[in-house]
Amino acid sequence: MLLCSALLLGGQSVSAQEPPEAGYAGMDTCEICHEDVVTAFKKSPHWAAVRLGIPPGDGVGCESCHGPGEAHVEDAPEHIITFRDEPARERIAQCVSCHEGRSGMRFRRGIHTLAGQACDVCHVSGHDVSKAAVAVPKLLKDSEPELCFDCHARQAAEMTMPFRHRTSDGVLKCSDCHGVHGKSVRRMEKHAAQEACQNCHRGKQGPFMFEHLANTVTGCVTCHVPHGSTNPKLLIRHQVSFLCLECHSVITRYHDLSQTRFQNCTVCHTAIHGSQVNSLFLR
Ligand code: HEC
Ligand code: HEC
Ligand code: HEC
Ligand code: HEC
Ligand code: HEC
Ligand code: HEC
Ligand code: HEC
Ligand code: HEC
Ligand code: HEC
Ligand code: HEC
C-alpha cells in the first residue's frame, strides 16, 4: 500500500510549515490568494501527502502537483502547471512522481498512459471548490461504467445487448477485467484475459485431466465475447454447432448433422471447458 510506505516516510517527516525548497513558494504562500482551494484541499485525500511529509520537498503540498510556484506567485496566473494546457506526458509525470512503483503499480505502462491519456482524464484533484465534496471514491470524475462510456461508445453499446456482463447494474466493473493502470498489459491479451475471467469463473480454466486445447491454448475469448452479445452464453456464434464446426470441420459419421439432436453439441459434450474424467468431454 502507498499508505504504508508513506507512514515509513512519515517517521522522518517535517510538518507543512517548514521552509520550502528552492523555486517552491510553499502552501502558506498559496493560501494568501487561494484560501478556498487550500481549505478544500485539506479535506481531500492528498492532504495525507502533506501530513505524512511525502517528497518532493517538505512543506510543498500544492506544488507537488502544480510544480514549483515561486515564479507564479510573482507573475500570476502564469508559470504554473494547470492540468489543462500541458501535454499529457508532463501531467502524468507530476502524478507518477509519487505513485509509480508503490503497491506494485506500473502506471507508465498502463493502457491509457501508453495511449497518451493523462491521469486527470479519469481523476480529479479533489480540491475543486465548485464541487461541495468528492462525490465518487478514489478521486474519480464519475463512477464506472459512465466514466469509461464517455470515451468508449462502442463498449457502451455492447453493454446494452441482451446477453452481457452487467456493468451498468453494478454487478461488475470494467476495471474488474481491465487493469486501467498498474498492470503491465496494454489490453486484454490472452493471459490477462484468462486471469481476469478466472477470478470470477473458477473451474472453467482447469487444470483438467483432459484439456480442451481451444481453451488451454487460445483462451476464453476464442469462444466468448467479453462485453455483450445477441448470442446466448456470450458465445461468438449464434449457434453452438457453428462455433464447434469452425475448428472441427471433420467429425465421425456417428454425428448425423442432418438430425437436430446432433446440432446442439454441448448437450452431449457437456464438459466443454475440459474434463477430469472423459477425454471427449462427454462428462
Ligand atoms: C499573489 C497571489 C497568488 C499566489 C500567492 C498564488 N496564486 Fe495561483 N493564481 C493567482 C491568480 C490571480 C490566478 C488566476 C485567477 C484564478 O484562476 O484564480 C491564479 C491561478 C492559479 C492556478 C490556475 C491557473 C489556470 O490558468 O487555471 C493554479 C493551479 C494556481 N494558481 C496555483 C497556485 C499555487 C500552487 C500557489 C502556491 C505556490 C499559488 N497559486 C499562489 C494568484 C496567486
Ligand atoms: C494531487 C495533485 C494536486 C495537488 C496536491 C493540488 N492540486 Fe490544484 N489541481 C490539480 C488538478 C489535477 C487540477 C485540475 C482541475 C481539477 O481536477 O480540479 C487542479 C486545479 C487547480 C486550480 C484551478 C482550478 C480550481 O480549482 O480553481 C487551482 C487554483 C489549484 N489547483 C490550486 C491548488 C492549490 C492552492 C493547492 C494546494 C492547496 C493545490 N492546487 C494542490 C492537482 C493538484
Ligand atoms: C506528493 C506525492 C503525491 C503526488 C504528487 C500525487 N499523489 Fe496521489 N496520493 C498521494 C498520497 C500520499 C495519497 C494518499 C495515501 C493513500 O491513499 O495511499 C494519494 C492518493 C491518491 C488517490 C487515491 C485517493 C483515495 O481516495 O483513495 C488517487 C486516485 C491519487 N492519489 C491520484 C493522483 C493523481 C491523479 C495525481 C496527479 C494529479 C496524484 N495523485 C499526485 C501522494 C501523491
Ligand atoms: C482510464 C481511467 C483512469 C486513468 C487514466 C487513471 N486512473 Fe487511476 N483509477 C481509475 C479507476 C477506475 C480507479 C478505481 C479502481 C477501483 O475501483 O478499484 C483508479 C484508482 C486509482 C488509485 C487508487 C488505487 C487504490 O487501490 O486505492 C490511484 C492511486 C490512482 N488511480 C492513480 C492514478 C494515476 C497516478 C494515474 C496516471 C498515471 C491514473 N490513476 C490514471 C481510473 C483511471
Ligand atoms: C478521456 C477518454 C477516456 C476515458 C475516460 C477512458 N478511456 Fe480507455 N482509452 C482511451 C483512449 C484514447 C484509448 C486508446 C485508443 C483506443 O484504443 O481506443 C483507450 C484505450 C483503452 C483500452 C485498450 C483498447 C485497445 O484496443 O487496446 C481499454 C481496455 C480501455 N481504454 C478501457 C477503459 C476503461 C475500463 C475506462 C474506465 C475506467 C476507460 N477506458 C476510460 C480513452 C479513454
Ligand atoms: C468480463 C471482463 C471484461 C469486462 C467486464 C469489460 N471488458 Fe473490455 N475487454 C475484455 C476483453 C477480454 C477484451 C479483449 C477482447 C478481444 O481481444 O477479443 C476487452 C476489450 C476491450 C477494449 C478494446 C476494444 C475491443 O472491444 O476489443 C475496450 C476499449 C474495452 N474492452 C473497454 C471496456 C469498458 C469501457 C468496459 C466497461 C463498460 C469493459 N471493457 C468491460 C474484458 C472485459
Ligand atoms: C468480476 C467478476 C467477473 C469476471 C472477471 C468475469 N465474469 Fe463472466 N460473469 C460474471 C457474472 C456475475 C455473470 C452472471 C451474469 C448475470 O447474471 O448477469 C457472468 C456470466 C458469464 C457468462 C455466462 C453468460 C450467460 O448467459 O450465462 C460467460 C460466458 C462469462 N461470464 C464469461 C466470462 C469471460 C470470458 C470472462 C473473462 C473475459 C469473464 N466472464 C469474466 C462475473 C464475471
Ligand atoms: C471451445 C470454446 C470455449 C472456450 C474456449 C471457453 N468456453 Fe465457456 N462456454 C462454451 C460453450 C459452448 C458454452 C455453453 C455451454 C452450454 O451450452 O451449456 C460455454 C459456457 C460458459 C459459461 C456459462 C455456462 C456455465 O457453464 O456456467 C461460462 C461462465 C463460461 N463458459 C466461461 C468461460 C471461461 C471463463 C472460459 C476461459 C477460461 C471459457 N468459458 C472458455 C465454450 C467455450
Ligand atoms: C478454436 C478451435 C476450436 C473450437 C472453436 C472448438 N474446439 Fe474442440 N478442440 C480443438 C482442438 C485444437 C482440440 C484438440 C484436437 C486433437 O487433439 O485432435 C479439440 C478437441 C476436442 C474434442 C476432443 C477430441 C479428441 O479427438 O480428443 C472434442 C470432443 C471437442 N473438441 C469438441 C468441441 C465442441 C463440442 C466444440 C464447440 C462447443 C469445440 N470443440 C470447439 C479446437 C477447437
Ligand atoms: C448425441 C450426443 C452427441 C452430440 C449431440 C455431439 N456429439 Fe460429438 N461425440 C459424441 C460421442 C458419443 C462421441 C464418441 C464416439 C464417436 O466419435 O463416434 C463423440 C465424439 C466427438 C469428437 C471426437 C471424435 C472426432 O470426430 O474427432 C468430436 C471432435 C466431436 N464429437 C465433436 C462434436 C461436435 C462439433 C458436435 C456438434 C456439431 C458434437 N460432437 C455433437 C456424442 C455427441
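Colleague: What makes the approach of S125 to an oxygen atom of ligand 2 a polar contact?

Modeller: A polar side-chain atom of S125 lies 2.7 Å from that oxygen atom of ligand 2. A polar contact is a pair of N or O atoms within 3.5 Å, so the pair qualifies. This is a predicted model, in which local features need pLDDT of at least 70, side-chain atom pairs count only at pLDDT 80 or more, and totals for chains, interfaces and linings use all residues. Residues are numbered from 1 along each chain as its sequence is written, chains are lettered from A and ligands numbered from 1 in the order in which they are written, and side-chain values use heavy atoms, with hydrogens and water left out.

Colleague: What makes R84 a polar contact of ligand 1?

Modeller: A polar side-chain atom of R84 is 2.9 Å from an oxygen atom of ligand 1, which falls within the limit. H34 has a side-chain N or O atom 2.8 Å from a nitrogen atom of ligand 1, and H72 also has a polar side-chain atom 2.8 Å from a nitrogen atom of that ligand. The shell of ligand 1 draws two or more residues from α2 (27-33), α5 (63-66) and α6 (70-74). Its largest share, three residues, is from α2.

Colleague: How far is R166 from an oxygen atom of ligand 7?

Modeller: The distance from a polar side-chain atom of R166 is 2.4 Å. For H165, a side-chain N or O atom lies 2.8 Å from a nitrogen atom of ligand 7, and H201 shows 2.8 Å to a nitrogen atom as well. In the shell around ligand 7, α12 gives the most, with three residues.

Colleague: Why is the pair of F41 and W47 given the class it has?

Modeller: The structure holds two aromatic pairs. In the pair of F41 and W47 the ring centres are 6.1 Å apart and the planes stand at 85°, so the pair is edge-to-face. Rings of Phe, Tyr and Trp (its six-membered ring) pair if their centres lie within 6.5 Å; planes under 30 degrees apart count as stacked, over 60 as edge-to-face and the rest as tilted. Y254 and F262 have centres 5.2 Å apart and planes at 85°, so that pair is edge-to-face.

Colleague: Is Y254 buried or exposed?

Modeller: Y254 has a relative accessible area of 57%, so Y254 is exposed. F262, at 10%, counts as buried, and F41, at 9%, is buried. Buried means under 20% relative accessible area, exposed over 50%, and partly exposed in between (1.4 Å probe, protein chains only).

How values were computed:
A polar contact is a pair of N or O atoms within 3.5 Å; within protein, one must be able to donate a hydrogen and the other to accept it, and residues adjacent in sequence count only if both atoms are side-chain atoms. Helices (H or I, at least four residues) and strands (E, at least two) are DSSP runs, numbered from the N terminus.
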